Amino acid sequence: MKSALITGINGQDGSYLAELLLDKGYAVHGVVRRSSTETFERIAHLGDRITLHQADLNDLASLVEVMQTVKPMEVYNLAAQSFVPTSWKQPLLTTDVTATGVTRMLEAIRLIDPKGVRFYQASSSEMFGKVQETPQTETTAFYPRSPYGVAKVYGHFITVNYRESYSMYCVSGILFNHESPRRGKEFVTRKVTDAAVRIKLGLQKELRIGNLEARRDWGFAADYVRAMWLMLQQPTPDDFVIASGKTHTVRELVQTAFEHVGLDWQKYTVQDPAFVRPAEVDLLLGDPAKAERVLGWKPEVSFGQLIRMMVDADLKRYEARS
Ligand code: NDP
Ligand code: GDR
């Protein structure tokens with residue numbers, strides 16, 4: 001039986017990836033960090049089909065111990081401080097987890113089983129930041145615009161470096177924004193779909209939002225975790241851009257969500273400087289041609305379908321509560 005270890009299993013992507021790997025017959029293990037209140041909402045439905053191990057990306061010994069116990073064939077490093085605004089408030093913590101945490105995970109693999117393990121690193125379109133060309137591809141130069149983006153560039157290159165230094169099977173997936181009904185409410189898509197539903201139900205008066213002109217290449221998380229798995233099934237390790245190839249503004253996102261509940265977004269949306277970032281990434285548009293050609297990967301859910309799916313899921317959640 002194939003076995004996989006997922007760091008960040010309790011996050012949005014971790015939960016979808018765990019489902020995918022279970023469907024494929026893997027023994028699925030996940031790293032969770034200690035918390036005073038255990039909230040495993042996203043993975044609770046998987047019950048004892050997955051095995052959880054306590055460890056932290058900041059603690060090398062804990063990662064070595066998990067590697068020794070599980071002896072996985074594939075490791076997916078999804079754990080990170082992943083919220084861009086927090087990376088300005090906690091830049092060093094972001095560096096510890098999102099940058100040097102990758103080295104700790106790679107070191108744990110190198111010490112236990114450097115030849116047997118295949119490693120996936122969750123790189124990000126935030127590495128492109130102030131974009132140097134459009135659309136962005138695997139060869140576009142990086143110009144990160146936040147401590148988070150800088151940390152991901154480190155994680156990306158240390159992954160490439162372990163591949164080149166030790167001939168380890170290490171890949172980096174440069175994934176553009178991907179969302180789902182399980183997205184954290186601090187991220188803009190879920191913040192908007194949740195607000196549209198709450199306003200519709202009379203639970204909230206307005207949506208306070210930052211930059212409406214920022215453009216993102218948004219896709220569905222379940223489509224994107226499929227690409228992660230495909231990357232680890234190739235004869236040779238390589239890096240891939242995973243994106244929809246389409247870009248939309250935050251304004252279009254708000255409009256789409258509010259339209260779906262029958263509201264005029266302009267009546268309820270207030271621009272608030274508190275949500276504007278010290279440095280913005282204005283435009284992201286990925287070119288997934290290499291992934292399509294080599295991995296045979298294509299996204300199945302469009303932007304409109306995704307936002308309507310998220311609104312419907314939020315509606316269902318609130319209706320179930322009342
Ligand atoms: P989430 O924020 O939903 O999940 C991140 C996970 O990392 C959480 O489960 C969190 O644990 C865990 N974590 C945080 N700090 C530590 C730590 N010190 N030790 C161990 N675990 C830790 O992110 P997503 O699922 O959205 O993203 C997955 C990965 O992909 C991240 O690395 C992200 O940066 C990257 N990425 C995401 C994209 C997206 O659009 N979603 C696009 C490109 C890259 P806890 O549950 O306890 O909080
Ligand atoms: P991002 O996602 O920073 O791209 O990182 P987020 O959804 O937070 O922001 C997207 C864009 O929306 C604009 N925006 C707002 N964002 C938030 N969160 N809240 C607001 O009120 C708001 N108003 C406007 C932002 O300025 C930005 O331009 C996500 C994360 O998942 C990262 O971990 C991942 O690496 C990248 O996607 C790819």
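Good morning. A search of the whole structure, which is a predicted model, finds 10 aromatic pairs.

Where do F83 and F187 lie in the chain? F83 belongs to the loop between β4 (74-77) and α3 (84-89), and F187 to the loop between β7 (178-179) and α6 (188-200), so the pair ties together parts that are 104 residues apart in sequence. F83 has a relative accessibility of 18% and counts as buried. F187 is buried as well, with a relative accessible area of 14%.

The second pair is F128 with F142. Their ring centres are 5.5 Å apart and their planes stand at 50°, so the pair is tilted. Both F128 and F142 lie in the loop between β5 (118-124) and α5 (147-166), 14 residues apart. Are these two residues buried or exposed? F128 counts as buried, because its relative accessibility is 0% and the limit for buried is under 20%. F142, with a relative accessible area of 22%, is partly exposed.

F128 and F142 also belong to a cluster: ring pairs link them with F157 and F176.

Which ring does the charged end of K24 sit over? That ring belongs to W229, and the charged end is 4.0 Å from its centre. Likewise, K290 places its charged end over the ring of F240, 4.8 Å from the ring centre. Thank you.

Definitions and conventions
Residues are numbered from 1 along each chain as its sequence is written. Chains are lettered from A and ligands numbered from 1 in the order in which they are written. This is a predicted model: local features need pLDDT of at least 70, side-chain atom pairs count only at pLDDT 80 or more; totals for chains, interfaces and linings use all residues. Side-chain values use heavy atoms; hydrogens and water are left out. Rings of Phe, Tyr and Trp (its six-membered ring) pair if their centres lie within 6.5 Å; planes under 30 degrees apart count as stacked, over 60 as edge-to-face and the rest as tilted. Helices (H or I, at least four residues) and strands (E, at least two) are DSSP runs, numbered from the N terminus. Buried means under 20% relative accessible area, exposed over 50%, partly exposed in between (1.4 Å probe, protein chains only). A charge sits over a ring if NZ of Lys or CZ of Arg is within 6 Å of the ring centre and within 35 degrees of the ring normal.
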